[in-house]
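Subject: A structure for you to look at

Hi there,

Here is the structure I promised to pass on. Have a look at it first, and then read my notes below.

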Amino acid sequence: MLLRRIYQFLLIYALGVSFLIVLKYALGLSDYVIPSLTVLWNTSHEVLGAYSIDVISTLFVAIIGQFLSILLALLVGISGRKATWFGSFIKVAAYNVQAYPIVAIAPIIFILLGDGFLSRLLIAAMICYFPMLLAVVGIMSEPVPDIELFYRQTQRMRWQLEVKIRAFENLSKLTTVIVGSATLAMAGTIVAEFIAASEGIGYSIRIALYQSDLAKIVVALFMIGITLSVYQGVLEGVGQIVKRTWTR
Amino acid sequence: MDPVSVIAAFQDGLKELKLIDNSRKFSLVVVLLAVLATNFGIGRVAADDQVRYRLKWLINMSTVGDVYAEQHGFFKEEGLRVMMKEGGPERDAIRELEMGHTDFGVASADQVIHAAAKGSPVVVIAQLFQANPLQWIYFQNRSDINSLSDLKGKAIGVTFGKNDEIIMRTLLAQAGLNENQVRLISVRLDYTPFYTKQADLWPVYINTQAVEIGRKLRDAGEKVAFLDPADHGVRFVANSIVTSARMLDEQPQLVRRFLRALLKGWAAAIDQANAEKAVAAVQKYDRNTAKALMYDQLHATRRLVTSETGEAIGHMDSAAWEQTEHIMLTHGQIEKKVNVLERLKKVDGMVTQRQP
């Protein structure tokens with residue numbers, strides 16, 4: 001699973017770089033517009049160390065942000081699973097928060113919290129939270145009649161059991177959503193860093209943009225892609241272990 | 001009129017011909033052919049030349065000459081239709097020149113030198129700002145900066161990766177200060193670190209942000225002053241007009257006409273007698289800045305565009321360009337010399353616009 005993710009990424013990345021190189025030579029563009037392979041190679045030697053630290057810093061924030069958003073989505077999803085007034089209120093409130101584009105809210109967050117760890121974390125969590133919420137609300141609102149009926153008729157149904165049954169029956173779906181949300185958490189953290197933070201790979205991309213250095217951006221994209229592929233592969237692996245443990 | 005409507009008009013004309021006499025048929029055909037010729041560019045005259053012009057930033061007082069030239073018909077007088085496009089941090093006029101997305105643009109010297117170092121065929125045809133607008137604002141009651149050595153121990157805002165970082169590092173090097181003796185703070189979207197006095201100095205553009213912030217702070221009873229790198233011998237070239245070497249070689253007349261109109265626009269815009277028109281020209285795009293502030297901004301811009309030595313508008317200051325290249329080389333921004341002076345191209349036959 002992990003290896004497949006890495007192969008897939010390397011293939012896509014190689015295709016992307018090849019496209020740029022073909023474009024460069026077909027249109028006769030200078031290294032300023034599209035860097036040559038030699039420039040890319042030299043740049044990667046120059047910045048790989050620093051970018052590795054940056055991307056690990058970004059991943060660290062993204063993981064915590066994703067974890068928080070999973071917790072929040074589960075909390076809202078479980079609270080809002082009932083078709084009660086409170087359930088509807090929780091859902092509407094949760095949806096409305098997401099209606100504001102993050103780039104509009106980000107400056108307020110940075111003014112209030114500064115450009116440190118907390119701002120990056122909050123933005124990462126906010127970006128990956130909504131798809132998580134949709135999936136969790138969908139799963140938690142959907143009864144599993146065959147199993148739930150038995151517990152209801154024997155009067156042994158509690159809310160914890162209901163959540164457990166619904167989560168277990170949709171474990172594959174949940175795993176897919178969590179793996180997918182890793183991309184969003186990473187993207188959210190990068191967006192936060194790009195807008196205003198002073199560390200992480202998003203910040204390095206912003207500096208490279210100021211310097212009009214596309215080679216650095218291409219190297220940064222490689223670092224982001226490979227790190228994300230490994231992280232997603234690990235998440236998928238964890239999902240399989242959880243499933244095996246539950247079904248044992 | 002677009003080609004489809006021209007064809008439709010032509011078809012209508014043909015239908016009409018059946019109903020009218022021969023002499024009128026001939027006149028009508030002549031008129032229709034003239035319309036077709038005009039619309040499809042047959043015998044196109046210079047008056048229809050369309051060029052694209054990418055600015056460096058959003059339209060504000062730093063682009064007053066550009067918008068003045070457009071709104072007062074200076075481009076039209078030269079037979080040009082100019083599509084002016086706003087810039088921004090993600091826009092790079094030099095890259096767009098090479099990709100064929102623009103014909104002219106505004107870029108700073110560091111962008112030109114970076115591009116030249118990577119083989120871009122960019123050339124500079126005019127230097128709009130004779131002085132760099134970038135300065136550092138500070139509270140006078142907190143910091144008294146009489147010499148560069150007074151920067152020691154200060155928290156200074158810089159945008160890492162941008163030219164203000166290079167300029168500040170040059171100033172620090174001149175003062176014999178190393179990075180451990182100051183605290184460089186990453187500049188972000190808002191001025192909170194400066195307002196809350198976490199930062200002692202903050203970079204601003206003297207003709208735009210500085211006017212606005214300076215006024216706010218003075219109104220609040222604060223005394224502010226500015227650190228101008230030029231006062232300490234650092235003359236890093238800012239906004240200049242760039243085009244591609246190919247454009248200059250293949251269409252020198254077009255370049256000449258564009259530049260003539262543009263510099264005429266700048267000369268008129270900074271003329272005291274046209275202050276009201278200049279402010280109105282910018283205000284058409286920049287609706288968020290108060291009109292009173294705009295007059296102050298125009299005054300500050302005037303001082304950037306004119307030179308103390310009375311050179312013509314658009315004069316390319318070779319010494320400043322050489323110094324900019326030297327600074328970039330010293331700070332490892334480029335690996336080797338690019339001989340930037342070879343990129344400065346005086347356009348033949350230009351009637352220079354003297355300072356008003």
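Throughout these notes, contact means heavy atoms within 4.5 Å. A word on the basis: this is a predicted model, in which local features need pLDDT of at least 70 and side-chain atom pairs count only at pLDDT 80 or more, while totals for chains, interfaces and linings use all residues. Residues are numbered from 1 along each chain as its sequence is written, chains are lettered from A and ligands numbered from 1 in the order in which they are written, and side-chain values use heavy atoms, with hydrogens and water left out.

Let's start where the two chains meet. Chain A brings 23 residues to the contact and chain B brings 24. Together they bury about 2000 Å², of which 58% lies on carbon and sulfur atoms; buried area is the accessible area (1.4 Å probe) that two parts lose on being put together, summed over both. On chain B's side, B:Arg95, B:Lys118 and B:Arg188 supply 32% of the area that chain B buries against chain A, more than any other three residues.

One of these, B:Lys118, also forms a salt bridge with A:Asp213, with the closest N and O atoms 3.5 Å apart. The term stands for a side-chain nitrogen of Lys or Arg within 4 Å of a carboxyl oxygen of Asp or Glu. Across this interface the rule finds one salt bridge, whereas the count over all chains comes to 22.

Another salt bridge sits within chain A: A:Arg166 pairs with A:Glu148, their closest N and O atoms being 2.8 Å apart. This pair links distant parts of the chain, 18 residues apart, with A:Arg166 in helix 7 (residues 159–169) and A:Glu148 in helix 6 (residues 145–153) of chain A. Helices here are DSSP runs (H or I, at least four residues), numbered from the N terminus.

Enjoy exploring it!

Best wishes

Key
Helices (H or I, at least four residues) and strands (E, at least two) are DSSP runs, numbered from the N terminus.
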